[in-house]
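Trainee: I have a model open and want to check the labels attached to it. Can we go through them one by one?

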Amino acid sequence: MSIQLRHAFDSEKLVNCLNDAIIIGHVTRSTAKIWVRSKHCGKHYVVLSSMPIQPIDINIDAADTYTTLQNEFETDGLGQVRPIALDDTTDRTHCVEFQGLQSATRYWVALLADQSVPARRHWRSGYEIPASFKTQTPNAQSLAFGFFSCHDPYKKGHGPDDIFQDIFNRLNELGGDFIIAGGDQVYVDSSTKEFDIWRWVTANKAQLKPYFETQDQAGLIKELSYFYRFIYRLYWQSAHFQKLLRSYPTYMIWDDHEIMDGWGSLTEEELSNKLDTLFEWEDSEFNLFIAHAMFHAAAQVYQEYQHSHNPTTPSLPNVLLADSQWDYSFDHSLASFYVMDQRGHHQYQNPQGYDLLGSEQFARLSQWFENIPSSAKAIFIVSPVPVVHWSCTIVNMADIGSYKDDFRDEWDHEANHQERNALLDLAFDASQKHKVPVIFLSGDVHCAASFKLKRRANSGTIYQFTASGVTRKSAPFASKAISCAQGALSGCNTLTTFERLAFSTENNFGIIKLFTDAEQTHLIAEHISTTDEEDEILIKQVRLI
């Protein structure tokens, strides 16, 4: 089918968008994933070197660019060169994994276009502003990492883009190890109408009708993927954001706004209604055909831009989308991490239970808890939605109207109590068994907060650490009014109490510091907030152990 759609990304010529880029992905002691994007299609090279890359000293004007680069970087064992082909099927993105690296070693990376590519310059990225990383150190005695979520600088005009420079600066001060981006790295349903994919679809359903009539879902997914890619290029173009991602290994997980607000927390009827207009005769089969194609397109682009540089899982493009695994784990000498996916298999009123995670992911998480190494000094669980934050009364009584999907997302919603209780059982048991804290890292709520959760004596300790939103600020009065300070979690089989340790409604990010000395282990969480005063940041430290 050949249909000329009027695309939202036609606006790209009116705004700045991402062209060439490098993201440092999952890094171990001997491997590193490097994600790249080029403005151009064609043959490119990803170069890795244990020395800073100086393009002026490398002659790539010869016809055989690959041989030139091999002679420069591989003959003396300084690095590796990987040829790749970039095309529009993945929006000119690609992720390579380098192996056989030395531990505790700094490497530099660059992206070059082959001479066959009709580009004005063939050094595409990593040459003027370096891209580099350090492999993990065996038996490291310290760990420092950054955490942020909810990146939407278009909510109320231009957001505080320089907050990413603040994250970079703080990690540099601490000798930081990596970053975790905990969800909503883009907003495809932004309040800025020009960049709202779902608003465009609702207003232009007539253009999509032929795909439904011929049941050409693959064709519709292909067309809709252009929208999602445009949003990523728009949201990720900022210089400070790109500098951060090419300077530290970055782990990502999606939340609802990479798909649509509240994805997974609506019934099929409610999802269909989302695509209805006021004067339209409802065609739920057509609406759901579009909505599920949107999810498939969102997942494809999430794979391209985010998940591809995470630790490898059985996901697109190797398996069917319904069977894809987006949750993953990784380790550091001092800690173990599990990153939960609360969107890929999220289904409200799931007949098999486990509405938020799905039964298969919960089984993987349970197995992971059984195999935490005894050397771990802390256990971190990335849960894009916090385990505790809002008042349970509000969550369960305000499940109406336009807010129903937001509150059904919450672990404290009564529909999720059984799943949450099973999760907390795993966490408290692991904390007690290993005599270390379990820390949930979350975003979603556009507030910074820390909570301590406890059960009976000697049952272990859990903390909830939330950093949100990095560029999308909350409504301060409402956020303070409906958040909780202390009490007991509702619907728990075992009495579980909580106490709030910190709270902020400013734009914020988090820093976690874990280190050992001769006497004990120290775990300190930092909530770092920007204020309305230019260049002023506030640091609230919470000592966990």
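**Labels and their cut-offs**

Mentor: Start with two helices. In this predicted model, helix α4 (residues 205-213) packs against helix α8 (residues 284-305) at an angle of about 90 degrees, and their axes are 10 Å apart.

Trainee: Why are α4 and α8 called roughly perpendicular?

Mentor: Angles of 65 to 115 degrees count as roughly perpendicular. The angle here is about 90 degrees. Therefore α4 and α8 are roughly perpendicular to each other.

Trainee: Which residues meet where α4 packs on α8?

Mentor: From α4, Lys205, Leu208, Lys209, Tyr211 and Phe212. From α8, Glu285, Phe286, Asn287, Phe289 and Ile290. By class, that contact has six nonpolar, one polar and three charged residues.

Trainee: Now serine 450, in strand β16 (residues 448-454). What makes serine 450 buried?

Mentor: Buried means under 20% relative accessible area. Serine 450 has 3%, so serine 450 is buried.

Trainee: What makes the pairing of serine 450 with histidine 527 a polar contact?

Mentor: The limit for the N or O pair is within 3.5 Å. The two side chains make their polar contact at 2.6 Å. Leaving aside neighbours within four places in sequence, serine 450 is also in contact with others, including Phe465, Arg500 and Val542.

Trainee: How far is the C-alpha atom of glutamate 370 from that of alanine 430?

Mentor: They are separated by 8.1 Å, with the residues 60 apart along the chain.

Key. Residues are numbered from 1 along each chain as its sequence is written. This is a predicted model: local features need pLDDT of at least 70, side-chain atom pairs count only at pLDDT 80 or more; totals for chains, interfaces and linings use all residues. Side-chain values use heavy atoms; hydrogens and water are left out. Helices (H or I, at least four residues) and strands (E, at least two) are DSSP runs, numbered from the N terminus. Buried means under 20% relative accessible area, exposed over 50%, partly exposed in between (1.4 Å probe, protein chains only). A polar contact is a pair of N or O atoms within 3.5 Å; within protein, one must be able to donate a hydrogen and the other to accept it, and residues adjacent in sequence count only if both atoms are side-chain atoms. Contact means heavy atoms within 4.5 Å. Axes are lines fitted to C-alpha atoms, for helices over the stretch in contact, and angles run from 0 to 180 degrees between N-to-C directions. Angles under 35 degrees count as roughly parallel, over 145 as roughly antiparallel, 65 to 115 as roughly perpendicular and the rest as oblique. Ala, Val, Leu, Ile, Met, Phe, Trp, Tyr, Cys and Pro count as nonpolar, Asp, Glu, Lys and Arg as charged, and the others, Gly among them, as polar.
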